[in-house]
Amino acid sequence: MLEVTALSKRFGGLQAVRDVSLAVPEGSITALIGPNGAGKTTTFAMIAGFIRPDAGSVRFLGHDVTAMRPDRIAARGMVRTFQITQPFAGLSVMENIRIGAFLRDASPAAAEAQAREVGTRLGLGPMLDRPAAGLTVAARKRLEVARALATQPKLLLLDEVMAGLNPSELGEIVAMIRAVRDGGVTILLIEHIMAAVAALAEDVHVLAEGALIARGTPRQIAEDPRVVEAYLGRGAAERMARHA
Amino acid sequence: MNGTITRLAPPIAFAVLILLPFTFGSQFLVNLAMLTAMSAFIGQAWNIAGGFGGLTSFGHTVFFGIGAYTAAILATRYGISAWFALPLAALLGAATGAVIGFASFRAGLRGSYFALVTLAFAEAFRVLATASEFTRGGQGINVPLALGFAHFQFADRRATYAVIVTLLLLAMAVAVWLRRSRFGARLMAVRENEDAAAALGIDIVRTKTAAFALSGGLASLGGVVYCQTYLFVDPLIAFGVERSVEMLLVAMIGGAGTIWGPVLGALALHLVADTARSFISTPGFAPMLYGVMLLVIVGLLPGGIASLAGRFRRA
């Protein structure tokens with residue numbers, strides 16, 4: 001469904017992303033993980049058209065969408081959420097979700113019905129008519145997903161929707177993401193926390209210092225010494241093995 | 001019952017208010033009503049882009065001036081009735097808005113940068129109008145007196161007032177449409193957060209450009225009516241900075257991005273400021289008072305007078 005080939009991006013003296021290639025098969029939950037500053041969000045931004053890559057290509061549903069404008073990419077069915085949630089603060093929760101629904105439906109009444117349905121499905125039912133500005137972190141993350149989902153995407157790019165949530169909220173959002181996938185939406189998610197990803201993803205790519213260092217099932221990744229070192233520092237895997 | 005009253009009270013009060021001047025015998029009061037309605041209208045035109053879209057223009061008089069010159073030039077050079085100036089001015093205003101908007105938004109100009117660009121455009125138009133023979137330069141254009149409906153010139157100011165009120169209602173209808181339509185919802189989404197709007201499939205440049213063109217087309221109608229009322233236009237009247245300030249002041253004091261804001265702002269500006277001015281005649285007093293009003297609003301009531309209604313309802 002999505003094929004990313006050799007994406008690179010340099011910001012001044014910093015090579016933020018180097019030669020990143022990955023593929024997301026239709027119907028899967030694929031994860032991109034890595035420590036802070038690994039280039040995850042930059043990779044996402046390039047895939048979704050927010051940042052123009054220096055090199056490499058992005059193909060979505062067989063078409064080249066490299067450096068296409070984000071709204072055009074969204075119209076084709078690939079929609080991202082933001083790590084730092086970006087609600088339309090002056091609008092209500094329903095109106096926020098309705099903006100997404102408007103992509104496929106010009107009628108305000110139909111779009112509102114769609115927004116209420118999606119909002120209720122994602123557990124925002126009681127908050128639909130409240131201003132989006134007053135939501136808790138967990139609810140804002142849900143709103144990000146609800147808005148994106150209301151556009152009826154084929155591929156959903158989730159940028160750290162689990163960060164900053166407590167364990168019970170985490171359990172809920174994991175169930176929610178799984179339900180979204182079971183509803184027929186392919187998912188590529190970025191996550192910092194490995195534990196959250198392990199419960200969800202079938203296929204995990206690990207990014208460190210801008211380059212992919214490992215790929216596999218969550219289990220393979222958790223045992224990969226290169227991944228442990230990327231998270232905990234050089235020599236960490238060896239020290240852990242010695243203490244064990 | 002109570003809800004019905006709070007819902008119906010503003011439109012009824014508004015209807016009474018706009019009909020009241022027709023009963024006035026005093027030309028002074030009719031004049032005041034006319035100026036207030038004109039402020040409310042051009043304020044609402046500004047509000048379409050500036051309030052609903054967050055496209056803070058400091059040079060909106062560019063459209064007003066285009067409208068005024070369109071009427072004046074059609075009448076004096078081609079002998080064409082100002083009724084035809086209305087659609088032509090709207091078209092020219094919208095086209096100018098589209099050009100200025102597209103150029104600025106494509107370049108990614110926002111906020112105060114966009115405000116400065118609009119200000120620069122208005123100044124450029126003023127300089128051009130002063131220099132060009134086509135607009136009779138700095139001496140301006142006198143439109144010959146030719147009273148009568150066919151010439152869009154009215155002896156009774158109440159007729160002019162009726163025209164302005166019609167325009168005001170048209171602009172308010174556009175604002176109501178923005179509140180209810182997909183285009184309006186998208187425009188407000190772009191105002192709130194451009195990245196999020198783009199991620200949800202909204203073409204940002206196109207949405208903002210369309211809003212600016214719509215706003216410009218409306219504002220230019222105000223210029224046509226101005227020209228037909230005073231039968232004179234010169235570069236400073238058409239493209240002077242005061243008119244731009246008036247438009248944004250009216251919208252911001254009343255409540256930017258609301259349907260009633262510009263009406264409330266125009267009432268506040270004209271009834272309060274003009275009354276005060278008739279008591280204190282020190283030069284520069286009126287602009288100073290406008291400044292104080294804007295400071296008070298921005299500091300204490302950022303949503304403008306219209307936001308008071310929400311506060312009472314919640315209380």
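Predicted model: local features only at pLDDT ≥ 70, side-chain atom pairs only at ≥ 80, totals over all residues.
Figure 1. Chain A contributes 23 residues to the contact and chain B contributes 17 residues; two residues are in contact if their C-beta atoms, placed from the backbone, lie within 7 Å. On the side of chain A that touches chain B, helix H2 (70–76), strand E6 (78–80) and helix H3 (93–101) of chain A each supply at least two residues. Helices (H or I, at least four residues) and strands (E, at least two) are DSSP runs, numbered from the N terminus. By class, this side of chain A holds 14 nonpolar, four polar and five charged residues; Ala, Val, Leu, Ile, Met, Phe, Trp, Tyr, Cys and Pro count as nonpolar, Asp, Glu, Lys and Arg as charged, and the others, Gly among them, as polar. Local features need pLDDT of at least 70 and side-chain atom pairs count only at pLDDT 80 or more, whereas totals for chains, interfaces and linings use all residues. Residues are numbered from 1 along each chain as its sequence is written, and chains are lettered from A and ligands numbered from 1 in the order in which they are written.

**Figure 2. The open six-stranded sheet of chain A**. The strand order is E6-E7-E8-E3-E9-E10, with mixed pairing; two strands pair if DSSP finds at least two bridges between them. E6 and strand E10 (211–216) of chain A are at the edges with a single partner strand each, so one side of each has no neighbour in the sheet. Neighbouring strands are turned by 15 degrees against each other on average, direction ignored. Axes are lines fitted to C-alpha atoms, for helices over the stretch in contact, and angles run from 0 to 180 degrees between N-to-C directions.

**Figure 3. Pairing of strands E3 and E8 of chain A, and helix H1 of chain A**. Strand E3 (residues 29–33) and strand E8 (residues 186–191) of chain A pair in the parallel sense over five bridges. A:Ala31 has A:Leu189 in E8(A) as its bridge partner. Helix H1 (residues 40–47) of chain A packs on the sheet and touches E3, E6, strand E7 (155–159), E8 and strand E9 (203–208) of chain A. The direction of H1 makes about 150 degrees with that of E7(A).

**Figure 4. Packing of helices H7 and H9 of chain B**. The axes of helix H7 (residues 182–192) and helix H9 (residues 204–230) of chain B come within 10 Å and cross at roughly 110 degrees. B:Arg186, B:Leu187 and B:Val190 in H7(B) meet B:Ile204, B:Thr207, B:Lys208 and B:Ala211 in H9(B). This contact has four nonpolar, one polar and two charged residues.
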